[in-house]
Amino acid sequence: MLKIARKTAKAILPESSVYRLKRQIEQSRFEQYTRTQLDGVFRAIAPGVVPPKALIAKTAALNERELEKQSNADVYWQTGYYEVLRVFKILDHLGINPRTIGSIYELGCGTARLLRHFRCIEGVRLVGSDVNPEMIQWCLKNIPDAEFYDNELTPPLSFANDNDFDVILASSVFTHIPLDLQESWLHEMKRVLRPGGIFICSVLGKNHISLLLDESEINQLEKTGNFTLTSEDSQATYSTRVGGSGWDVFQTRAEVIRVFGSIFQIVDYIPGGQDFLVLQKPDPSIFISVPSVPFPAERV
């Protein structure tokens, strides 16, 4: 019934009204879920302000049409609520009580579209960093109750100690890290994550491969295990072409498992718009039972 209602609304309502309705639905879902799961440590926090279009262009635009959509305030909020709720549900699927989370770090936080929503956990330490100083300066001015730092293109993170964080996020980050730096960044994430901690990150899967690569490039990807578009390539994402990153990085599922699995325990590999990896820093004294039923794939 909900799907039918959505299709009907989309057919008869103006686009702006559809965006507003979707945002209201996702916000309601997010608040209901977190109030229940965080009973006793939940706090209601206003989401803040939407960043300027110029910053969104460097973080979340597949193409110019997508940029117009992502620059809409309701879409910006809706996608943030949706993705953070999904993180909470992934942690719940692993049997992790969100009231035990004391610190969260996001690599490549951009305008804190995701990180800001974790302020609903009372007393949590939130830390974000980005290689683009424009993003960090904007966050420092506009997002209270969180720490923000610049990071270099190469590790280490000067602001982070060993075993600092319970949970680390990197959404649409390893999708743009040059392959020659990938393993060093994975080792850095392992360094700053506490033993037994969870690292959730995304990679470009089948969805983006079919959207952005031609047949010869797909053949090369399958042959070598990886393929990279640069900002000079016409089919690269809009964000990459305007300087949000210099690279769109593609890897086969087998290559991702080989590389990421050599440093972390892979708890789950969730297909979707981008494929999400759920990784754990091994610790003999802490055991997370991998659920026999995988977390549901995201429908694109």
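Strand 1 (residues 103-107) and strand 4 run parallel and are joined by three bridges. Here strands (E, at least two residues) and helices (H or I, at least four residues) are DSSP runs, numbered from the N terminus, and two strands pair if DSSP finds at least two bridges between them. The structure is a predicted model, in which local features need pLDDT of at least 70 and side-chain atom pairs count only at pLDDT 80 or more, while totals for chains, interfaces and linings use all residues. Residues are numbered from 1 along each chain as its sequence is written, and side-chain values use heavy atoms, with hydrogens and water left out.

Strands of a sheet pair through backbone hydrogen bonds, either parallel or antiparallel. Strand 4, in turn, pairs with strand 5 (residues 193-203) in the parallel sense over five bridges. In that pairing Phe165 stands opposite Leu193, and Val167 stands opposite Ile198.

These strands belong to an open sheet of seven strands in the order 3-2-1-4-5-9-8, with mixed pairing. Strand 3 (147-150) and strand 8 (265-270) are the edge strands, each of which pairs on one side only. From one strand to the next, the twist averages 15°.

Six of the six residues of strand 4 (residues 165-170) are buried, so strand 4 is largely enclosed by the rest of the structure. Strand 1 is mostly covered, with five of its five residues buried. In a regular strand the side chains alternate between the two faces of the sheet. In strand 1, Ser103, Tyr105 and Leu107 point one way, whereas Ile104 and Glu106 point the other way, and all are buried.

Helices accompany the sheet. Helix 5 lies across strand 4, strand 5, strand 8 and strand 9 (275-280), and runs at about 135° to strand 5. Contact means heavy atoms within 4.5 Å. Axes are lines fitted to C-alpha atoms, for helices over the stretch in contact, and angles run from 0 to 180 degrees between N-to-C directions.

Helix 5 (residues 73-93) also meets helix 2 (residues 15-37): their axes come within 8 Å and cross at roughly 30°. Helix 2 is therefore roughly parallel to helix 5, a description that applies to angles under 35 degrees, while those over 145 count as roughly antiparallel, 65 to 115 as roughly perpendicular and the rest as oblique. Among the residues in contact are Tyr19, Phe30 and Tyr33 in helix 2 and Trp77, Tyr81 and Phe88 in helix 5.

The loops hold some backbone features of note. Most residues other than glycine have a negative phi, and most peptide bonds are trans. Ala112, in the loop between strand 1 and strand 2, has a positive phi near 60°; Ala112 is buried, with a relative accessible area of 0%. Asp145, in the loop between helix 6 and strand 3, has a positive phi of about 65°, but Asp145 is partly exposed, with a relative accessible area of 48%. The peptide bond from Pro155 to Pro156 is cis, with omega near 15°, and Pro156 is found in the loop between strand 3 and strand 4.

Notes: Buried < 20%, exposed > 50% of the residue type's maximum accessible area, 1.4 Å probe, protein only.
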